[in-house]
Amino acid sequence: MYECSLERMTDKIKTMSQFGDAGHGGITRYSLSPEALQARGEFVRRMEAIGATIKFDDMANLYATLPGSEPDLPGIVMASHCDSVKNGGNYDGILGVMGAMEVLETVADQNIPHKHNLTAMIWTNEEGSLYPPAMMSSGVICYDYLPEDIRVNFKHEDMLKSTSVLDATKTFGAALDASGYKGDKANRLNNKDYKAMFELHIEQGPILEAAGNDIGVVTCVLGMVNYTIKVYGQSDHAGTTPMKYRQDALYGASKVLQYLHDELDKLDPELVYTTGEIFCHPNVHTVIPDYVEFSLDARHEKPEVIEQVIKVIENIPKEVVKCKTDYEIAWTRDTVYYDKELVSYVQESVDELGYSNQKINSGAGHDAQFAAYMLPTTMVFVPSKDGHSHCEPEYTSPEQCTQGASVLLNAVLKCDAK
């Protein structure tokens, strides 16, 4: 078994955290921003230093490859992203890039024999924080393999027209042209030139830390449904309308939300659900609200539990405190299972390294989720301190990051041996 370098990993974490440093422990590193281009430049510098070949495709996805002894065999790719959310942390996404770099650096440093080409890859615009949607490039690259209801959201021409959330005059296509990383469509990740993809990532939740485990062996990305719940009332003056005459849509929405919590809590304890968006009209402090809508995001591995969630939504009372209710589906995704053989390589590697571990699923979406529709794919998780992610307190120790890279390395070598 091989182990990666704690010293090198620590140095990469320190270096990458400078690009987009927000001044209080985290980063803002939007895709194709000057800060993201700095991170890419560091990636290229380090990868060229070990003799890797650099390529990029038409979506600015970046590939660094160490040739194998049988370079005509399909390669093995390790991929993640270097962009962040606003005021995000120093580990989400970029750890997978640093882990892939560390694997290649270890292979080069220790002269580890391998048959297949080994590639470290940066996906462009996973977060979609500046140019929506999230997972943009993987959606474009894997477009032909995605389910139809997902595919429609990732048409290449539409992605190029995506406008900046900060400046509507700027588009993703223009940022792509100006990046210096727009390359040939022929260089895209595909299932002929590559046999498998791995992604190292922080868990982004509290499960591994709570269990005292070093590694999460990821089996799937949870299925989910996303609904918009609507409540209709009547606007009237806040000071002159007696309570018994009111049709307060916000009060009605609160009753519906309480109903949903009460009923969904009766289902499987593994179910997670969230209301993260709410719209209240007219949103004036002297006016009784006449319309409220809110989101409901529910996630679970088993489709039968998702079906139970849908039944609960369909049984929302048609009228609550004299307000009409309605709902509509926003979008759904089925559970995406990772390749069982690749999962077994991760499991064997972590067991042989002697790290404590458990099977785990991902409640969050990742580029690996879309790649899994196109070629065999899996993920490796390391703990997130206190479960924090997508925020500046996000932290995973250099030792934990290095353990994750070591698991990645050995799983890739097992894949290479086959």
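The largest cavity in this predicted model has a volume of about 40 Å³, and the count of cavities of 30 Å³ or more comes to one. Its lining is made up of Ser 84, Val 85, Gly 88, Gly 89, Asp 92, Glu 127, His 390 and Glu 394. By residue class, that lining divides into one nonpolar, four polar and three charged residues.

| Helix | Residues | End-to-end C-alpha distance | Expected span |
|---|---|---|---|
| α2 | 34-49 (16 residues) | 23 Å | 22 Å |
| α11 | 340-353 (14 residues) | 20 Å | 20 Å |

In helix α2, the buried residues are Ala 36, Ala 39, Arg 40, Glu 42, Phe 43, Val 44, Arg 46 and Met 47, a list that includes charged residues such as Arg 40 and Glu 42. These buried residues pack against α1 (6-16), β1 (53-56), β2 (62-66), α3 and β4 (118-123). After α2 comes Gly 51, with a positive phi near 90°.

Helix α3, one of the elements against which the buried residues of α2 pack, has 14 of its 16 residues buried, so α3 is largely enclosed by the rest of the structure. Just after α3, Asn 111 takes a positive phi of about 50°, and this residue lies in the loop between α3 and β4. Asn 111 has a relative accessible area of 66% and is therefore exposed, the cut-off being over 50%.

Helix α11 has a cap at its N-terminal end, where a side-chain oxygen of Asp 339 lies 3.2 Å from the backbone nitrogen of Glu 341. Its buried residues are Leu 342, Val 343, Tyr 345, Val 346, Gln 347, Ser 349, Val 350 and Leu 353. Residues three or four places apart in an α-helix point the same way, because there are 3.6 residues a turn. The elements that cover the buried residues of α11 include the strands β5 (194-202), β6 (215-221), β14 (357-362) and β15 (377-382), together with the helix α13 (398-417).

Just after α11, Gly 354 has a positive phi of about 85°, and this glycine is placed in the loop between α11 and β14. With a relative accessibility of 58%, Gly 354 counts as exposed. The C-alpha atom of Gly 354 is separated by 9.7 Å from that of Asp 214, although the two residues are 140 residues apart along the chain.

The remaining points concern backbone geometry. Most residues other than glycine have a negative phi, and most peptide bonds are trans. Against that background, Asn 111 is a residue other than glycine with a positive phi, and Val 321, which is not a glycine either, has a positive phi of about 40°. Val 321 is found in the loop between β11 (319-320) and β12 (323-333), where, at 31% relative accessibility, this valine counts as partly exposed.

Cis peptide bonds occur from Pro 132 to Pro 133, with omega near 5°, and from His 281 to Pro 282, again with omega near 5°. Pro 133 is placed in the loop between β4 and α4 (136-141), whereas Pro 282 is found in the loop between β9 (278-281) and β10 (291-300).

Notes
Residues numbered from 1 in each chain as written. Predicted model: local features only at pLDDT ≥ 70, side-chain atom pairs only at ≥ 80, totals over all residues. Heavy atoms only, no water. 1 Å grid on protein atoms, 1.4 Å probe; cavity = no way out; pocket = protein on both sides within 12 Å on 5 of 7 lines; lining within 4 Å. Points joined across faces, edges and corners; volume = space filled by probe spheres on them. Buried < 20%, exposed > 50% of the residue type's maximum accessible area, 1.4 Å probe, protein only. Helix = DSSP H or I, 4+ residues; strand = E, 2+ residues; numbered from the N terminus. Expected span 1.5 Å × (residues − 1). Contact = heavy atoms within 4.5 Å. Polar contact = N/O pair within 3.5 Å; in protein donor to acceptor, adjacent residues only side chain to side chain.
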